[in-house]
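Good morning, everyone, and thank you for making time for this. I would like to walk you through one structure, beginning with a single residue and then widening the view.

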Amino acid sequence: MAATDAGWVICRRTRDCNIFFRICLKHSEDVISAEPPCTFGTGQTNVLRADQSSIASSAAIRVPFHFKWPGTFSLIIEAWNAESPKEHHDYTENQNNLISRLATRRRLAIGEDWSQDVHFGDQSELRYSYHVFCDEFYFGEACSDYCRPRDDTLGHYTCDENGNRVCLEGWQGDYCSDPICSSDCSERHGYCESPGECKCRLGWQGPSCNECVHYPGCLHGTCSQPWQCVCKEGWGGLFCNQDLNYCTNHKPCANGATCTNTGQGSYTCTCRPGYGGTNCELEINECDCNPCKNGGSCNDLENDYSCTCPQGFYGKNCEIIAMTCADDPCFNGGTCEEKITGGYVCRCPSTFTGSNCKKKKNEHLTLRM
């Protein structure tokens, strides 16, 4: 999580020597003990020539630790004589090799700036600097905040200089694991698994998932919630497929007929004279009923007819006789009488009948007992 570095500036000895430095980093103590354990860690340099340039160019001692930085600590720095510059024995077993030791308690905040100090011994002068900094991906005053950039199923973010997660484009949420849907996607009825998507929840449809799904089979209906079928005006039935205003919507009656709705998709047509059929689509031939009498011929007209009458007859249906009594039209002893309105009438004997007394009556005997 973090580490401390120490750098050595000057070592002054009365004789030429080979030395190395060892540090012990431990928890804060009112009375610092040089005895182990070094609770925060320990480290040492390689064997160095005891001259200023060798010590100044030596690598810093880095002590890594894996806990929350407490802020206060105890530091022990020891300079030891190395009997040989090449051999790597534990020279600390012989206390006669100890050149100097300092123990100090300090408070140090996390930061890149170096803190400098100096220690004067009987035969030495030690100048040193130190700092503590967070390891990669750790942040905060105690290096206890962890933030590692990622772009996978667990999150999509980078980290700012303070260790705060910064979501990648198209992602949101505490761990940047929630995709941002398309701008017009319904918050209630839509969702997305990748940025910019808009997938509809069950019962909803459309590019923005704000259109409800009709009841299956609904033809002329609407809905405000899924699986509804609210019929539009003029339609009825479970599937809104029954036309309640068939006349207006379909105009089935032909030839100027009057249409009347009779409910749920049915109707009747009232035809104009001269037309017939369910939808008044058939033109009636008035001559089919033989309206012309007395041998007259029929002529079909639109919504009407006319009769061409033979000589001696007239009228709409040739029903009026044009002869007079002077023509002696009555037979079998019938008596002719002129009519004031024109024409004549025959008064037949008791044994004949008909307009001209041509038809003989049937004779029969009636007995009453």
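Predicted model: local features only at pLDDT ≥ 70, side-chain atom pairs only at ≥ 80, totals over all residues.

Let me begin with Lys26, which counts as buried because its relative accessibility is 2%, where buried means under 20% relative accessible area, exposed means over 50%, and partly exposed lies in between, with a 1.4 Å probe and protein chains only. Residues are numbered from 1 along each chain as its sequence is written, and side-chain values use heavy atoms, with hydrogens and water left out.

What does the side chain of Lys26 meet in a salt bridge? The partner is Glu29, at 3.7 Å from N to O, and a salt bridge here is a side-chain nitrogen of Lys or Arg within 4 Å of a carboxyl oxygen of Asp or Glu. Glu29 is itself buried, since its relative accessibility is 15%.

Close by in the numbering is Asp30, whose side chain forms a salt bridge with that of Arg105 at 2.6 Å, again from N to O. This pair links distant parts of the chain, for Arg105 belongs to strand β7 (residues 98-107) and Asp30 to the loop between β2 (18-26) and β3 (41-44), the two being 75 residues apart. Helices (H or I, at least four residues) and strands (E, at least two) are DSSP runs, numbered from the N terminus. Asp30 counts as exposed because its relative accessibility is 73%, whereas Arg105, with a relative accessible area of 43%, is partly exposed.

Across the whole structure, the search finds nine salt bridges. Among them is one between Glu193 and Lys199, whose closest N and O atoms are 3.1 Å apart, and Lys199 is partly exposed with a relative accessible area of 30%. There is also a network of salt bridges that links Arg22, Glu78 and Arg101.

Let me now turn to Ser74, which sits in strand β6 (residues 72-81) and is buried, with a relative accessible area of 0%. Which residues does Ser74 touch, leaving aside its neighbours within four places in sequence? Its contacts include Cys24, Lys26, Glu29, Ile32, Thr104 and Arg105, where contact means heavy atoms within 4.5 Å. Gly274, by contrast, is 27 residues from Leu301 along the chain, with 9.2 Å between the C-alpha atoms. Gly274 lies in the loop between β26 (266-270) and β27 (275-276) and is buried, with a relative accessible area of 10%.

How is the chain laid out as a whole? It has two helices and 36 strands. The radius of gyration is 62 Å, well over the 21 Å that the globule rule gives for 369 residues, so the chain is more spread out than a compact globule; the radius is taken over C-alpha atoms, and the rule is 2.2 Å times the number of residues to the power 0.38. The C-alpha atoms fill a box of roughly 190 × 55 × 35 Å along the principal axes, and buried residues make up 33% of the 369 residues.

I will finish with some backbone details. Most residues other than glycine have a negative phi, and most peptide bonds are trans. The peptide bond from Pro36 to Pro37 is cis, with omega near 10 degrees, and Pro37 is in the loop between β2 and β3. Phe137, in the loop between β9 (125-134) and β10 (138-139), has a positive phi near 80 degrees, and Asn332, in the loop between β32 (320-321) and β33 (335-338), has a positive phi of about 55 degrees.
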